[in-house]
Amino acid sequence: FIPSAFRPGGINTVFKPATTFLNIDDYRLRIYNRIGQLIFETNHLSEGWDGTYYSHGCDEGVYIYHLSAKGGDGTEIKKTGSFTLVR
C-alpha cells in the first residue's frame, strides 16, 4: 500500500509505503517535486520522507514517487505515482 496523501506531524509522521509482512530486497524510494528535482532518496525500508528538503518544510502540493524493489522470490517491483503533501 502506498498512501495518496501525507501530512507531516499527522498520524503518519513520514511518507513511505506499507511493507509489513513483505520480504523485500534492493529497496529504493525516490521523491521528486513538481519540477522534477529529486528531494529525497532512501534504500532503507524503515526510512520515510518527513516533508522537508535540506531541513526546510516543503510546500503543500503534489509530489512524485518512484519505488523499486525486489521481492524475496526475485520478483521485481516498480511503482511510480503521485501523492499530496498537506500542511
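1. Quick definition before anything else: two strands pair if DSSP finds at least two bridges between them. In this predicted model, strand 6 and strand 7 (residues 76-85) clear that cut-off with 10 bridges, running in the antiparallel sense.

2. Strands 6 and 7 make a hairpin, with four residues between them. Gly 74 sits in that turn and has a positive phi of about 90°.

3. On to the other pairing of strand 6. Strand 2 (residues 24-32) is joined to strand 6 (residues 61-71) by seven bridges, again in the antiparallel sense. Leu 29 has Leu 67 as its bridge partner in strand 6, and Tyr 32 stands opposite Ile 64 in that strand.

4. Zooming out, the sheet is open and has five strands, ordered 1-7-6-2-3, with mixed pairing. Strand 1 (5-6) and strand 3 (38-42) are at the edges with a single partner strand each, so one side of each has no neighbour in the sheet. If you're checking side chains, remember that in a regular strand they alternate between the two faces of the sheet.

5. The largest pocket holds about 200 Å³ of space. Its lining comes to 13 residues, and those nearest the centre are Pro 3, Asn 12, Val 14, Phe 15 and Lys 16. What is the make-up of the lining in nonpolar, polar and charged residues? Nine are nonpolar, two polar and two charged.

Conventions. Residues are numbered from 1 along each chain as its sequence is written. This is a predicted model: local features need pLDDT of at least 70, side-chain atom pairs count only at pLDDT 80 or more; totals for chains, interfaces and linings use all residues. Side-chain values use heavy atoms; hydrogens and water are left out. Helices (H or I, at least four residues) and strands (E, at least two) are DSSP runs, numbered from the N terminus. On a 1 Å grid over the protein atoms alone, a cavity is a set of points where a 1.4 Å probe fits but cannot get out, and a pocket is an open set with protein on both sides within 12 Å along at least five of seven lines; lining residues have an atom within 4 Å of a point. Grid points are joined across faces, edges and corners, and a volume is the space filled by probe spheres set on the points. Ala, Val, Leu, Ile, Met, Phe, Trp, Tyr, Cys and Pro count as nonpolar, Asp, Glu, Lys and Arg as charged, and the others, Gly among them, as polar.
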